[in-house]
Amino acid sequence: MRSWGWFVSRVMRLSVRWCRLCPWRGRSKRARRLRELWSYGRLLLNSLYFNVLTNSDTVLDCVFEPVYCIVDNVTRWFGVVFVCLVILLTSSVVLIVYLCVLPLIFETYPTHWILWHLCYGHWNLVMVVFHYFKATTTSPGYPPQEKSDVPSVTICKKCIVPKPARTHHCSICNRCILKMDHHCPWLNNCVGHFNHRYFFSFCVYMTMGCVYCSISSKDMFFDAYNAVESFRSMDVQMQGERVIGAGLLFSLLSPGYTMVQSEYQTSPPPYTFREKMFHKSIIYLWVLTSSVAVALGGLTLWHVVLITRGETSVERHINRKETKRLREIGKVFRNPYHHGRGQNWKILFGVEERSHWLTRVLLPSNHLPPGDGLTWECPAYRTDTMTI
């Protein structure tokens, strides 16, 4: 019984044979353009099956190639917009905290809690700003484009240059990235060997900052929400207060007013404009920080799992396929870059001594990661494992 691949190949061969029997003829520019498109379509049909390695993944890649191209270009051009959005939202949160939250803390909290909020809040803010700036401006690392003695595992089909281990091509940046994890539109940069630590630290400290703001403003949020709901209901229900003798005055000023309209005036609002803006700012602060804490916290936990396993986001998908392939033939896959849970974290943060946990993790530090990103050391018992 023939497989489905044989039938697909047969249909494609018949389609190409039919294309050869129906050439376009004409001398006009439009006919020449159609003939070029027809030839290009025939070439695409040939490329789908003119390879013994062709499978369903290759066919889907060819079909969705225009979609990938559009997404890559949109992501590339909107990267600057996303960075500006991050800066704008973060600045708005910091402004609200300084204008609304901190003054209330100074008035109601005891001295030791005020000192704690000042120290922790400013430390967290410095760590967020530092790591975001470094993550966006630090190059992720690129393999050499010219001929070199660097060991490589394959040839990039886009760049047509040797690719070292753990190097992958980014279609948005249009070049190969050392130890590529993914392209982050919120950084407008790839996450690679030299800025992986900055990206992960930014995610951790931004999540911590959002959780801090959400917890600190929780009670103020409930009070502000109740206040907003109360003055909304009062605006709907209150019709004004009766003013005796006002009908004659308004009739003289504006003859079009009726007696019923002129005998009533609007009562003063229960909240001033400043109080309303204060309440809405607190609601905006709590909703934004809580939402970001949940979304970014989930992403941070996912990267915690990857770092613990010694993988990147790209390698996670590759290793899953390799694990499944080796399981079918009765073998077990071992990640050649997994040095142990604790050692993986030390490699990411560049921790070599105990004091480095303070100076390189809990304080801003621009030290380089270990290694050059071109060659990688593997544990002794995994040197025979195939490199990815």
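User: What volume does the largest cavity have?
Analyst: The largest cavity has a volume of about 70 Å³. This is a predicted model, in which local features need pLDDT of at least 70 and side-chain atom pairs count only at pLDDT 80 or more, while totals for chains, interfaces and linings use all residues. Residues are numbered from 1 along each chain as its sequence is written, and side-chain values use heavy atoms, with hydrogens and water left out.

User: What counts as a cavity?
Analyst: On a 1 Å grid over the protein atoms alone, a cavity is a set of points where a 1.4 Å probe fits but cannot get out; a pocket is an open set with protein on both sides within 12 Å along at least five of seven lines, and lining residues have an atom within 4 Å of a point. Points are joined across faces, edges and corners, and a volume is the space filled by probe spheres set on them.

User: How many cavities of 30 Å³ or more are there?
Analyst: Searching the whole structure gives 2.

User: Which residues line the largest one?
Analyst: The lining of the largest cavity includes Lys179, His193, Arg197 and Trp376. Its classes are 5 nonpolar, 2 polar and 2 charged residues. Here Ala, Val, Leu, Ile, Met, Phe, Trp, Tyr, Cys and Pro count as nonpolar, Asp, Glu, Lys and Arg as charged, and the others, Gly among them, as polar.

User: And which residues line the second largest cavity?
Analyst: Among them are Val97, Ile105, Tyr212 and Ser217. H4 gives the most to that lining, with 4 residues. Helices (H or I, at least four residues) and strands (E, at least two) are DSSP runs, numbered from the N terminus.

User: New topic: the second largest pocket. What is its volume?
Analyst: That pocket has a volume of about 860 Å³. Its lining has 36 residues, and Thr90, Val128, Met206, Cys210 and Val292 lie nearest its centre. By class, 27 are nonpolar, 9 are polar and none is charged.

User: Which helix gives the most to that lining?
Analyst: H4 does, with 9 residues.

User: Is His131 buried or exposed?
Analyst: His131 is buried, because its relative accessible area is 1%. Buried means under 20% relative accessible area, exposed over 50%, and partly exposed in between (1.4 Å probe, protein chains only). His131 is in helix H5.

User: How far is His131 from Cys203 in space?
Analyst: They are 9.0 Å apart, C-alpha to C-alpha, and 72 residues apart in sequence.

User: What about Val63, buried or exposed?
Analyst: Val63 counts as exposed, because its relative accessibility is 54%. Val63 lies in helix H3.
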